[in-house]
Amino acid sequence: MAEPNPTPSLFAGDDPILNAEDDLLNRSLLATVLADELQAMNAERGAVVAITGKWGTGKTSLLNLTAEILSNQTNIQVVEFNPWFFSGTDHLIRFFFDEMARQLSSERTRKQRIKDATAAIADKFNKYSASLSPLKFVPGAASIIETAQKTSGEMAQALSTSIHEQRIEISDALSRLEGRIVVLIDDIDRLTRHEVRDLFRLVRLNGSFPNVVYLLCFDRCVVENALGEEGLDGSAYLEKIVKTSIAVPPATEEVLASVLRTGMLQVLNDIPTSDPGDDRFSDVFWQVVRPLFDTIRGVKRFLSSLSLALRSAGDEVALPDLVALEALRVMKPAAHELIAQSVEALTDVHKWQFGSPNQAALAADAEKISAIKSELPDAVGQALISYLFPAAQLHTSNVWHGDDSVQSWRRDNRVAHPAVLRYYLHRELAAGTAPANQVNSIACSTDDEQAFTAALSAIPDEYLEDALDRFLAHVDKVHSDSIPNVAKALLGLLPRFSEEPKGMTDFGRDWTALRPVRKLMQRVEPNNADLVAQTVYSATPSPYARFQFLSIAGLHEGSGDRIISPELEEELRADLRDYLKSAPAESLSSERGLLLTIFHSVDCDGESGNPAIDSATSPTVAARLLETALTSCRSNTLGSVVVNYEDRLAWDPLVAIFGGEGQLMASVEQVKESIADQEVRPRLQRAIAAFELYAAGWRPRDL
C-alpha cells in the first residue's frame, strides 16, 4: 500500500478534516455512499440517520465529507445545528427553529433551485418559533433588543394560529419542496445526560416533517446510557427514533501504521534532530509506539505534540526514546506519570558481584516496574523495559548490566541513563552537565587534530569533566592513526581542572582525562606501543602530564599490567627526572601536581640537607610546592549532609624534597617575604596557614 500523502490536517491535533483532500483513511467513498443514500431514501415522513462510533474514530470527519458532497447538490439544503449553544428544553426548541429559519433564508447558503420554497419555509419556522415562545428569551443583552424589535403583526399572527395548524402548514410546504433539507447534528455524545435527552425529544417531535432528514453523530453507548435512565431502555428508545445508522469502521492496522509513520517522518524532516538511524528505532516503533494507537485521533494528537518535544529536547535524548515516551505521555498518561516517579527503579544498575543488593529496595523497585507495566498492554510493557529501560530487566528477566552498559547508554543519550531520563522529564541539564552537541563535537573531530583541540577548547571548564566522562564511551571509535594526537590533546587539559575538591566523593578530576588516554593506549598494538608512547610523551610539555602518562602506560600498580616496555619506561622516567632536577623556576612555578611529580620522579632525602631539585628554594617554586602539598580531609557526621573540610599538608614529602625541615622552613619564610605586599592566592594562604600549624608541631589525628 502506498504511503498516504502528508497533509496539514495530520498535524491539526483533535480537529476533524473538512474536505476530501485531507482524507487519510479513504473515507471519501463511504461519504459518497452515505450522501447518495440521504438523497435517495424515502423521506415523506422525514428520516433520522445516525453515524455512530467511538470517540476518535472519525465520525465528525465522515460527517464533514458527507456535508461537502451534499452542499454541492442543487436540490439539497444543508442546515448545521450545534447543540452546544443551548441550555434547557425551551431554549433548545426555540434555538433549533430559529437556526433552521436563519440558514434557510440566508442568501449565502440558500440553493437557487429551491430558493423561494426554502424562504417561505423559513418564514413559517420563524412564526412557529414565535408560537412556541411568546415571551422569547435569548441569553444576554440581545434578548431585550430582540423582544423590542418583534413587530406586533408578527406576534399576533403567530398567536392567532394554533401550533398544530402551523405544523400542518410547515408539513404541506415541506412536502412540496423539490428537494430536501438535511440537518446535521454533531457531538451529541459530548452533551450532558439531560441535554442528550432534550435533543432526542426534539428530534422525535420534529423528525416526521416531510423531506427533512436528520443526520446525527454520536457514540451509541454514551447516548444509550444517557437515554436509559428513569427506567427507560435507552437502546429501544434510540431505535424508535433512528431508522438508519452506519457505524464508522475502525482504521485498519496497516493504515494507522502508515499514517503514523508518514507523520513522524514529516516531523523529522522539518526539525533538525540527532541521527534517526538508531538500531532500536524499528523495534521501538513497532513494539512500543504503534500498539498504543487505535484511532486516527490519537495519532493526530501525538503528531501535533511531537514537534514541540523534538525541539525542546534537541540532541539530549535519543530519538527512539523520545518518540516512545511522548507516545506514552499522550496515549497512556498514567504510565508516563509512573515513569517520572520511578527514575531510580528504571535506571539503577546493581552490581551483583559486589555482594547481595538490598533485597527490600529491589522488591520496592520491582513493584514500581510492575505498576508501569500494568498500565500498558503486556507486550508493550515488556518491550518498553527491553528497549528503553534495560537496567530494569533485572526485575523482569533477571538480566544484569554493568558499567560498560551505563557508559554506552550515556554516550547514545538513552533514557536508560538516569541523567538523560531526568533531562527528558525536566528539560533542564543538571549543573556541570555538558550539552550533547559539545560531546558530539569532540567525538566527531578526533580524526582532525586541530578540530579536536578546538572542540575541547570550546567546552567551558565547568562542563569539561562531564564531557570527558561521556567521551570515554567514544574512545573505541577513534581511528588508530589519531590516537597519539588525541592522547596529547587530552593530557593538555589537565591544567584546566580545579585543584579544589567538589564534594565528599571527589577523588581527583584528573582521572577524567587520564582514563580515556589509558583506554586509547590499550588499543595500540603491542609492537607499536613504545613508538606511540614516545610520540605522546615528547609532544607533552607538562612534567605533571608526563608523569601521569608514564603512570598509566608503564607498570600498573596492583595488576602487573603495562602498556609500554620496561626499557622505554625507565628511559622516559630518567628523562623526566633529569629535567625536573635542573628545570628553571619559571617553568615549574605554575605546574600542576608539582609536589607529587617531584616526589615520585626524583630521589628525595629529607636528611640530606640538600633540595631534590635546583629550583626548590626559589620563592615561586616553593610557593607552588606548598600549594600542591595542600589537601583537604573531608568528613561528615552520620546522617548529616554537611561536609566538613580540614586542610592538611603532605608534610613528609615536603621535608624530603627540601632536604630537611630546616631548609623547608627557611624557604617558606622567603615565600612569605616575597608576597608581603602582594595579593595572595587563596590556596597559597591556606597552605601557609596549614604550614604554621605543622611547624608548631600539630599533626592530624589518625582516622
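What is the volume of the second largest pocket? The volume of the second largest pocket is about 840 Å³, a volume being the space filled by probe spheres set on grid points joined across faces, edges and corners. This is a predicted model, in which local features need pLDDT of at least 70 and side-chain atom pairs count only at pLDDT 80 or more, while totals for chains, interfaces and linings use all residues. Residues are numbered from 1 along each chain as its sequence is written, and side-chain values use heavy atoms, with hydrogens and water left out.

**Second largest pocket**

- A pocket is an open set of points on a 1 Å grid over the protein atoms alone, with protein on both sides within 12 Å along at least five of seven lines; lining residues have an atom within 4 Å of a point.
- Its lining comprises 42 residues, with Pro16, Thr60, Ser61, Asn64 and Asp186 nearest the centre.
- At least two lining residues come from each of helix H2 (59-71), strand E2 (76-81), strand E3 (180-185), strand E4 (212-218) and helix H13 (296-313); helices (H or I, at least four residues) and strands (E, at least two) are DSSP runs numbered from the N terminus.
- H2 gives the most, with 10 residues.
- The lining has 17 nonpolar, 10 polar and 15 charged residues, where Ala, Val, Leu, Ile, Met, Phe, Trp, Tyr, Cys and Pro count as nonpolar, Asp, Glu, Lys and Arg as charged, and the others, Gly among them, as polar.

**Val182 in strand E3**

- Val182 lies in strand E3 and is buried, with a relative accessible area of 0%; buried means under 20% (1.4 Å probe, protein chains only).
- Not counting residues up to four places away in sequence, Val182 touches Leu38, Leu70, Ile76, Gln77, Val78, Val79, Val213 and Leu215, contact being heavy atoms within 4.5 Å.
- Val182 and Leu38 are 144 residues apart in sequence, and their C-alpha atoms are 8.0 Å apart in space.

- In helix H15 (residues 333-340), Ala335, His336 and Ile339 are buried.
- These three lie on the same side of H15 because they cover an arc of only 100° around the axis, taken from the directions from the helix axis to the C-beta atoms.
- They pack against helices H14 (319-331), H16 (343-347), H17 (359-374), H18 (378-387) and H21 (418-426).
- H18 has Val380, Gly381, Ala383, Leu384 and Ile385 as its buried residues, and their cover includes H15 and helix H19 (393-396).

**Cavity**

- The whole structure holds one cavity of 30 Å³ or more, a cavity being a set of points where a 1.4 Å probe fits but cannot get out.
- The largest cavity has a volume of about 30 Å³ and is lined by Asp348, Val349, His350, Ala391, Leu394, Trp400 and His401.

Key: Buried < 20%, exposed > 50% of the residue type's maximum accessible area, 1.4 Å probe, protein only.
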